[in-house]
Amino acid sequence: MTRVAVVGGGPAGLSAALFTEKNGLSTTLFDTDETWMHKAHLFNYLGIESVDGTAFVEESREQIDSFGVDQRTETEVTAVTETGDGFELATDSGTLDSEYVILATGADRSLAESLGCAFTDSGTVDVDVTMETSVANAYATGAMVRKEEWQAIISAGDGAAAGLNILTKEKGEHFHDFDTPADA
């Protein structure tokens, strides 16, 4: 069992995994490596002058690896179901139980649909400001919740919002992930 399961290895999923694992919640990231980032070049990502999308993903994977995220690359999640204690994620190689699930599968909304998440009239997954869906402890991020705002930096922010909301629930008070130079 893992505390947080993240489905998708683009900016939203990588950001969510970073925030949750860095702050003490065991996190497993499932990634088929089909992110749109492999077709991108970033000139509009704050703090990055210019970087190839694949290089960005590889560096982000190294960063979350340094915090201990269990990365299951080339592993597709085929189903997510609610259990009494959270969720069960099914893959070709078995199942994994988690307390929370963060869906970061780009425009593929099929897992959210099969989980029973509510959708908006425009066909996106309906979430609140913290990225939580109508299914308690299930979050959706990035292109799943935005019709046409498919930007890496927006998706990363969505993943961070989901991760911080989970941490807020776990800590019982509003949680901030704010490091100072002394922490680095």
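**Basis.** I worked from a predicted model, in which local features need pLDDT of at least 70, side-chain atom pairs count only at pLDDT 80 or more, and totals for chains, interfaces and linings use all residues. Residues are numbered from 1 along each chain as its sequence is written, and side-chain values use heavy atoms, with hydrogens and water left out.

**Strand 8.** I looked up the partners of strand 8 (residues 94-103); strands (E, at least two residues) and helices (H or I, at least four) are DSSP runs numbered from the N terminus, and two strands pair if DSSP finds at least two bridges between them. Strand 1 (residues 2-7) runs parallel to strand 8 and is joined to it by five bridges. I found valine 7 opposite leucine 103. Strand 7 (residues 86-91) is antiparallel to strand 8, also with five bridges, and a hairpin of two residues connects strand 7 to strand 8. Leucine 89 has leucine 96 as its bridge partner. Three bridges join strand 8 to strand 9 (residues 138-140) in parallel.

**Largest pocket.** I noted 34 lining residues, with Glu34, Thr35, Ala104, Thr105 and Gly106 nearest the centre of the largest pocket. The elements giving two or more residues to this lining are helix 1 (11-22), strand 2 (27-31), helix 3 and helix 4 (152-171).

Technical notes. 1 Å grid on protein atoms, 1.4 Å probe; cavity = no way out; pocket = protein on both sides within 12 Å on 5 of 7 lines; lining within 4 Å.
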